[in-house]
Each structure stands twice: as C-alpha cells, then as structure tokens.
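Hi everyone, thanks for coming. Please have a look at the screen.

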Amino acid sequence: MRIGIIGAGNIGANAAKLFVKAGHEIAVANSRGAETLKDLIAELGENAQAFSIEDAAKFGEIVFISIPFGRYKTLPADAFDGKIVVDSNNYYSDRDGNYAELDDNKTTSSEMLAEHLPGAKIVKGFNTIWFEHLKTQGDVSLTTDERRAIFIAGDDAEAKKLVARLIEEIGFAAVDTGDLRDGGATQQPDTAIYNQNLTGSEAQAILGSEGGY
Ligand SMILES: NC(=O)c1ccc[n+]([C@@H]2O[C@H](COP(=O)([O-])OP(=O)(O)OC[C@H]3O[C@@H](n4cnc5c(N)ncnc54)[C@H](OP(=O)(O)O)[C@@H]3O)[C@@H](O)[C@H]2O)c1
C-alpha cells in the first residue's frame, strides 16, 4: 500500500520505519521541505521518498498526519480529497495555543481536522502510544490477544478496517473505540487509556466495549 506521512518527528518517522518494514511504500513530508529529510529517507531505504506536503498527501492511499495539532489549518485540504487519513495529533494547549471549543469540550481535535479536510475519511489513531513504545513494542510473533493495543476511532467502517490491518501488520492489536466524536474523545490526553500499556482485552475491560478487531 502507498502511505503518505505528514510530519516526520517522533511519531511520524517511527511510523514510517514500521510501515516500510511491513512492506509499504512511503512518502514523507515535513514543514521545512524534502531536502531536510535526506537522512531519514536514506535510513528508510528504497521504498521511501521525501515529497512536499501536497504530493505526499496525494501519493498515499492512507495519509498519516503527525504534526503539532495547532498547525492543522496549514494542511492543503484539496490534496486529502478521497483519502483515508490517520489523525495521530493530540491537542496540548501549552504547545498549540488555546482553542476554546476544545477547552469547553464542545468538539474534539479530530473533528476539527475532519472539518478542515472535508473530502477525507478521518480515523483517529496512534494517539495514546508514546513514540518510544511505538518504536519498540510491536511484535508480529505475538497473538493478537497478547499484543499492545493501538486505538482507532472514526465514522467510516471500511477506513477503520484498513487502518486496523495496518496496525496489525506492525505487530500491535487494533481496538476500535467507536465514532470520531465519542470514540475519539476516549483517546485524548489524560483519559483512562492514554499512554497506558494495555492489551486489547485489558483495554476493552477499561472501555467497557467490544470494539476489537
Ligand atoms: N511524541 C509522542 O510520543 C506522541 C504520541 C502520540 C501522539 N503524538 C502527537 O503526534 C503529533 C506529532 O508529535 P511528535 O512528537 O512526532 O512531534 P515532533 O517530534 O515535534 O514532530 C513534528 C513533525 O511535524 C512537522 N510539522 C510541523 N508543522 C507542520 C506543518 N504545518 N505541516 C507539515 N508538517 C509539520 C515537523 O516538521 P518540521 O520539523 O519540518 O517543522 C515535524 O516533522 C503531535 O500532535 C503529538 O501530540 C505524539
């Protein structure tokens, strides 16, 4: 599968490494431009390229966004039309500035991204796992039940299925917490599953749901 990765920091670069290892073709972009990604591309090997943000988004069947949430409005919306977008962004007011609608729980950061990218199918995912754990804890030799959970939420069942498959290919278990609004809200900073090392069944015991794949 072709995967565009927007944001090549702690999460984006490590996700890129895992996706390449799982056999996918990757296009990576950051805010400073492709020439600043030479070292990462050399490390990722021949199945990875550095593109502009627009071209990386157009390249991907799935586009993985991992940037500071406060920058989301800089993303060129048209380039994401028809794409399945994984939203790993979290809202931290210290870093992103204050958004009253988030501080008042009137909406969620993923719904705001979805509003900005109306042609995309947004799947919130990878939000609760620290990048050092993303780097090291995936293990394809484990059964799904034994693996660490990575959570997804969204309103499109087919999109969630595809992202769940990607999560399983890199050695984790995908756990569906529901739709973008309520399911997404369970994955935000300071919730019960945030930055917790849980298997799928441990996670579902906390969430009280049957949402595993
Ligand atoms: N760190 C974690 O363990 C963790 C875990 C789960 C979720 N998250 C969330 O994931 C997101 C990324 O976190 P991170 O720790 O990977 O951040 P990071 O290490 O600071 O990397 C951010 C990346 O985003 C790029 N970027 C910044 N503004 C951009 C823009 N307007 N357009 C395109 N790319 C842009 C940066 O590129 P330049 O350097 O060129 O500006 C950089 O490659 C955040 O929302 C964070 O809250 C983080």
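How do the residues of the shell around the ligand divide into nonpolar, polar and charged? They divide into eleven nonpolar, eleven polar and three charged. For this count, Ala, Val, Leu, Ile, Met, Phe, Trp, Tyr, Cys and Pro are nonpolar, Asp, Glu, Lys and Arg are charged, and the others, Gly among them, are polar.

Before I go on, a word on the model. It is a predicted one, where local features need pLDDT of at least 70 and side-chain atom pairs count only at pLDDT 80 or more, while totals for chains, interfaces and linings use all residues. Residues are numbered from 1 along each chain as its sequence is written, and side-chain values use heavy atoms, with hydrogens and water left out.

Back to the ligand. It is surrounded by 25 residues, and the closest are Ala-8, Ile-11, Ser-31, Arg-32 and Ile-67; a residue is near the ligand here if one of its heavy atoms lies within 4 Å of it. Where does the ligand sit? It sits in the largest pocket. A pocket, on a 1 Å grid over the protein atoms alone, is an open set of points where a 1.4 Å probe fits, with protein on both sides within 12 Å along at least five of seven lines. A molecule sits in one if more than half of its atoms lie within 2 Å of its grid points.

Now for the distances. An N or O atom in the side chain of Arg-32 is 2.7 Å from an oxygen atom of the ligand. The side chain of Arg-71 has an N or O atom 3.2 Å from a ligand nitrogen atom. With Phe-131 the backbone takes part: one of its N or O atoms lies 2.8 Å from an oxygen atom of the ligand. On its own, the ligand has 890 Å² of accessible area, and the protein covers 83% of that. Those areas come from the Shrake-Rupley method with a 1.4 Å probe.

Phe-126 is not a glycine, yet has a positive phi of about 70 degrees. Its place is the loop between strand S6 (121-125) and helix H7 (131-136); helices (H or I, at least four residues) and strands (E, at least two) are DSSP runs, numbered from the N terminus. Asn-105 also has a positive phi, near 55 degrees, and is a residue other than glycine. Asn-105 is in the loop between helix H5 (100-103) and helix H6 (109-116).

Which of them is buried, and which is exposed? Phe-126 is buried, because its relative accessible area is 2%, whereas Asn-105 is exposed at 64%. The cut-offs are under 20% for buried and over 50% for exposed, with partly exposed in between (1.4 Å probe, protein chains only).

Let me finish with the helices. Leu-134 is in helix H7 and is buried, with a relative accessible area of 0%.

Terms used:
A polar contact is a pair of N or O atoms within 3.5 Å; within protein, one must be able to donate a hydrogen and the other to accept it, and residues adjacent in sequence count only if both atoms are side-chain atoms. On a 1 Å grid over the protein atoms alone, a cavity is a set of points where a 1.4 Å probe fits but cannot get out, and a pocket is an open set with protein on both sides within 12 Å along at least five of seven lines; lining residues have an atom within 4 Å of a point.
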